[in-house]
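Have the sequence and the 3D view open while reading. The text below goes from one residue to the next.

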Amino acid sequence: MSRTRTVRAVLSAPVDIASLAAFRILFGAMMLLSALRFWARGWIGEVYVAPSFHFHYFGFGWVNPWPAWGMYAHFALMALASLCIALGLFYRLAASTFFLTFTWAELCEKATYLNHYYFVSIASLLLVFMPLHRAASLDARRDPSLQSPTAPAWVLHALRLQLGLVYLFAGLAKLNPDWLLRAQPLTTWLSARADFPLLGPFLASRAAAYAMSYAGALFDLTIFPLLLWKRTRPVAYLAVIGFHTLTGLLFPIGMFPWIMIVATLVFFSPSWPRRLFAPLLARWPALLPPIPAPSQAAPSAAAAPSAAATTPSRPLLGRLSFAALCAHFALQLLLPLRHLLYPGDSGWTDEGFRFAWRVMLVEKTGIVEYRVHDPATHRTWVLHPSAELTPLQVKMMALSPDMILEYAHHLAADFARRGEGDVQVFADAYASINGRRNQRLIDPTTDLARVRDSLLPAPWILPHADPSLR
């Protein structure tokens, strides 16, 4: 048997489906809550309907919000898909619909980028291919032939690895001078929480910033192996609860802490829901089909061939599926490392910063205005983005060179539509990172209207004066 076939056989081994069904239910419930929260806080109108211009991810300029009624219908469909995932109703269709609607909404506006949005997109894509509806689901109730007490091991390992990579790369990203030697950005953030009940005076101290910086790095770097090891798993999960609850209370990072607390339950024994909900399952055994007891009598040597001939072998993970799984995790390993291909600090340049689990590393402020010059008439206009963009868009654009470039292209196209001719667009952009003084972010002599957006290093982004950020 080849090594690949051996790995495929290991990944095909059956594991108790109980914890995977629980993951499906909890994930769907959290996504339903997230969609309803987004709607209730008026963010659909604020983020997608009100702005006349939207920032796009590279290669996704064709993705734009629907008209107002369409965006509300879009989020209603997303909420319905979340509910169906939790219930296990039309599961494959629901998971596919949720992935498409959530990711489309995420791609519509770059200014709203958050790491946990990216994680939700990845997790929901994985769910499309995972048979998590074979227990504790309405699908299995409708069609008993779907029911199964087990699932292939690759499902469990894939979810654990995906979560583990989030922690691992978040920890590696914290091994930098700002985090370890200057306790930034926590010094800045915690000093603003002096009014926090009971802990306020301590949080505002430098000692707290250093303690939490080192504790955060240690947590992220060690929590994955500690969750994998049975002996340390209970204590590690208590640390997960404590860490994410504290960060959720102290910092405005949305649903991410609560999603991670719920998702990390997948590291426990696959049978934990059977033990925790034993009274419920005794009353409604159809929720989770029981694990078949192993045969007590082994067949004799003489009978072995006939037994093997009549017992169907376990389905092996297909070559194409195995290749797709390997490709997915190869991408998940490479994307967070791509910042090494760019000069300077990714927190300053933003090159390779997104989709890399560089979580809570930067406190950045900035300001930008544009000079539009018509070489033919020698006329110059000074434009402030706040005249067109929302406060969130202005704030995020001032920190992100790629967004500054995209808006410069928008201004050039707008002037062309108005018949002003072939104009030049320059940006006066200043930014501060992790408490340092303001300095220019963009070369003010570069005509951004002539710069093509690409994934290559951008020479028009000025290097930071601090050697530690070069």
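**A walk through selected residues**

Pro 257 is found in helix H14, which covers residues 256-263. Helices here are DSSP runs of H or I with at least four residues, strands are runs of E with at least two, and both are numbered from the N terminus. This is a predicted model, in which local features need pLDDT of at least 70 and side-chain atom pairs count only at pLDDT 80 or more, while totals for chains, interfaces and linings use all residues. Residues are numbered from 1 along each chain as its sequence is written, and side-chain values use heavy atoms, with hydrogens and water left out.

Pro 257 counts as buried because its relative accessibility is 0%; buried means under 20% relative accessible area, exposed over 50%, and partly exposed in between, using a 1.4 Å probe and protein chains only. Leaving aside residues up to four places away in sequence, Pro 257 touches His 244, Thr 247 and Gly 248, where contact means heavy atoms within 4.5 Å.

The loop between helix H19 (346-349) and strand S3 (364-374) contains Phe 355. Trp 357 lies in the loop between H19 and S3. Phi of Phe 355 is near 60°, a positive value in a residue other than glycine, and phi of Trp 357 is also near 60° and positive. Most residues other than glycine have a negative phi, and most peptide bonds are trans. Is each side of this pair buried or partly exposed? Phe 355 is partly exposed because its relative accessibility is 21%, whereas Trp 357, at 1%, is buried.

A cis peptide bond, with omega about 10°, joins Gln 184 and Pro 185. Pro 185 sits in the loop between helix H9 (177-181) and helix H10 (186-191).
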